[in-house]
Amino acid sequence: MLVNAYAAPSATEPLVPTTIRRRDVGPKDVLIEIRYAGICHSDIHLVRGEWGPVTYPQVVGHEIVGVVAEVGAEVTRHRVGDRVGVGCMVDSCRECENCRAGMEQYCLPGNTGTYASVDRDGTITQGGYSTHVVVVEDFVLKVPEAIPYEKAAPLLCAGITTYSPLAHWNAGPGTRVAVVGLGGLGHMAVKIAHAMGAEVTVLSQSLKKRDDGLALGADHYHATSDPATFEDLANTFDLIVNTVSAPLDLDAYLRLLRLDGTMVNVGAPPEAQALHAFTLFSNRRSVAGSGIGSIRETQEMLDFCAEHGIAPETELIAADHINQAYERVLASDVRYRFVIDVATLA
Ligand SMILES: [Zn+2]
Ligand SMILES: [Zn+2]
């Protein structure tokens with residue numbers, strides 16, 4: 001099946017309209033007619049070759065929502081017409097210790113990414129900036145009707161990437177959570193942590209987005225450019241969710257953790273970062289990382305967002321604005337996620 005898509009022809013050229021081939025619908029596959037696709041910062045890093053060599057042309061996009069258009073003969077979980085979503089992975093080995101534990105995001109040989117991964121048939125996976133995609137049913141999520149359709153896509157990466165650590169480290173009533181950075185990930189972390197019942201503080205470079213942060217559900221907002229922030233908030237937080245992908249002074253942030261507090265990183269700075277063991281000894285602090293979330297947890301997150309009326313803040317664009325949107329993402333000029341109206345690709 002040949003379908004319309006927007007692809008990167010190389011690391012340095014703008015994305016262009018093209019067509020790509022999708023595999024035939026196998027017995028366990030679902031064909032999805034894509035309606036909306038979010039633009040994640042990872043898309044930009046990847047197409048520009050910043051995370052390693054890429055086979056071009058490459059279609060990115062791993063925040064996908066659409067409608068089931070066809071199902072294979074053995075599909076039991078989804079029906080034609082269902083409103084569904086696909087996130088950062090489309091398969092895993094299903095045999096390793098982590099897959100068997102229902103943690104396919106941590107598949108030991110590596111899960112199959114929604115784009116730029118080698119699929120079971122040896123082809124390179126192509127992402128959601130496209131009118132259709134074929135995905136094995138186990139990696140397709142149900143998107144509840146209560147979540148506005150055109151806003152749902154960013155939940156599949158930004159939503160789950162922040163929900164998973166918040167749930168794992170028990171954010172909730174009586175816990176103090178700090179969110180570092182108020183971008184695509186950060187704004188979801190604030191909404192979700194607030195809905196979980198935690199006391200939420202945003203730590204942002206400046207106070208420029210303070211009104212937004214408080215409206216999204218933060219209880220407090222502090223500028224990290226102000227040295228007083230690090231004095232006033234010492235020994236305060238149970239959990240710090242760091243969404244920033246630039247290097248930070250880890251010791252300075254770790255000192256904000258109270259007894260048994262954890263700083264979990266979901267942003268990905270390219271360079272290694274230093275920290276002092278002594279900062280960890282005080283208050284028995286931990287530094288951790290978290291990668292997306294499992295399929296079971298992603299469904300739990302979607303249901304949680306539906307129940308609590310949570311949706312990302314989005315700006316809807318036509319496909320021919322993708323390149324401009326990339327420039328604006330890089331300039332932090334988006335509140336808070338671009339979503340492509342895939343009807344403009346048809
Ligand atoms: Zn992403
Ligand atoms: Zn596995």
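I count two residues as in contact when their C-beta atoms, placed from the backbone, lie within 7 Å. I keep in mind that this is a predicted model.

**Entry: one residue and its neighbours.** I started with Ile-240. Leaving out residues up to four places away in sequence, I found that Ile-240 touches Ala-178, Val-180, Tyr-253, Leu-256, Leu-257 and Met-263.

**Entry: the core.** Next I looked up the largest nonpolar core, which has 95 residues. Ile-240 turned up again here: together with Val-177, Val-179, Ala-193 and Val-241, Ile-240 touches the most other members. A handy reminder for me: in soluble globular proteins, nonpolar side chains tend to be buried together.

**Entry: two domains.** I checked how far apart the domain centres are, and over C-alpha atoms 27 Å separate domain 1 from domain 2. For the contacts, I noted 20 residues of domain 1 against 15 of domain 2. On the domain 1 side, helix α10 (residues 295-308) gives the most, with 5 residues. I sorted that side of domain 1 into 10 nonpolar, 6 polar and 4 charged residues.

**Entry: helix α4.** Is helix α4 (residues 158-168) mostly covered or mostly open? I found it mostly covered, with 9 of its 11 residues buried. Among the buried ones are Gly-159, Ile-160, Tyr-163 and Leu-166. The buried residues of α4 pack against α5 (184-196), β13 (237-242), β14 (257-265), α10 and β17 (337-341).

Definitions and conventions
Residues numbered from 1 in each chain as written. Chains lettered and ligands numbered in written order. Predicted model: local features only at pLDDT ≥ 70, side-chain atom pairs only at ≥ 80, totals over all residues. Core = buried A, V, L, I, M, F, W, Y, C linked by C-beta atoms within 7 Å. Buried ≥ 20, exposed ≤ 12 C-beta atoms within 10 Å, placed from the backbone. Domains from an automatic or database assignment. Helix = DSSP H or I, 4+ residues; strand = E, 2+ residues; numbered from the N terminus. Nonpolar A, V, L, I, M, F, W, Y, C, P; charged D, E, K, R; others polar.
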